[in-house]
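Keep the structure open beside you as you read.

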Amino acid sequence: MLFRSAKLRFGPLVFALPMYHPLRLLQEICMLDNISHGRLDMGFGRGSSPIEAAYYGEETSQDHYAEALDLILAGLQTDRLTFKGRKYDFDNVPITLSTFQKPYPPIWYGVHSIEASERAAKRRYNMVSADSVADTRGFHDHYRKVWKETHPGEKLPKLGLTRFVVVAETDGKALEIASRAYRYWHDSFHWLFRLHGRTPRLGERARTYDLVINEGRGIAGSPETVAKFLSKQLEDSASNYFVGQFVFGDMSLDETLRSVELFAEKVAPRLDEVDAKLPA
């Protein structure tokens, strides 16, 4: 069966900027936003694999990331781009496309620190965290504080929490799917680091899905189990938006579609109730 949507928004989480030339990426963003008639969201990051970036002669430093992002956003707002930075230097480059959404599509910013949450708030970015509930609460509380100071009276953007999620008819069935699929995901995610005898920048990921659940970074269960878990996490972290990682590893199309269907029908309505309890 073919499904076609005219309302569903989409976008990367994230464009790993070391892997793209900024002039090419900003034109691709314009193309995607126009093709979708303004349904594109953008997420930008440094990338989680400095090893892979080094293959391209690049690095995942904050300075290079920030410069590339500034360049892209400048290019999305002009038809002639002049930019002088430490890495990039362009003079009067014609930009032949512009985005459908003005001045550009909504931006998502992944955070792992208070400093990053402050940058996101000052720049009016949506924010998402995959860290612990306690750390995420700190990020979101600081974002709200900075937002009120720098943009008083304006509507708060989306403050997201992201987690692995598998929903099935029973807890046992969901955990069976998640445990099997996560093994493949974990091996793939760490393969390049192990090849080079290194560990990811933010440390090794949990080795089993049971540990993912114990760490509070994912859930697998019936709709009732998942709704209870995520409702508490959203409330405790003061997150007003949920970003689910619904497919990973070797999950089949049928497993994924059933999980998303159960989430939409039986979990999402419960999560809507959490928003009313959150601080403004």
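The chain exposes about 15100 Å², and carbon and sulfur atoms supply 54% of that area; accessible areas come from the Shrake-Rupley method with a 1.4 Å probe, and for residues only the protein chains shown count as cover. Before going further, note that this is a predicted model, in which local features need pLDDT of at least 70 and side-chain atom pairs count only at pLDDT 80 or more, while totals for chains, interfaces and linings use all residues. Residues are numbered from 1 along each chain as its sequence is written, and side-chain values use heavy atoms, with hydrogens and water left out.

Now for the overall build. The chain holds nine helices and nine strands, where helices (H or I, at least four residues) and strands (E, at least two) are DSSP runs numbered from the N terminus. Of the 280 residues, 44% count as buried, meaning under 20% relative accessible area, with exposed being over 50% and partly exposed in between (1.4 Å probe, protein chains only).

An α-helix has 3.6 residues a turn, so residues three or four places apart point the same way.

Next, visit the loop between β2 and α2, where you will find Ser 49. Ser 49 is buried, with a relative accessible area of 11%. Leaving aside residues up to four places away in sequence, Ser 49 touches Thr 60, Leu 192 and Phe 193, a contact being heavy atoms within 4.5 Å.

Finally, some backbone details. Most residues other than glycine have a negative phi, and most peptide bonds are trans. A cis bond joins Leu 13 and Val 14, with omega about 25°, and another cis bond, with omega about 0°, joins Lys 102 and Pro 103. His 37 has a positive phi near 55° and is exposed, at 57% relative accessible area. Ala 238 also has a positive phi, about 60°, but counts as buried at 0% relative accessibility.
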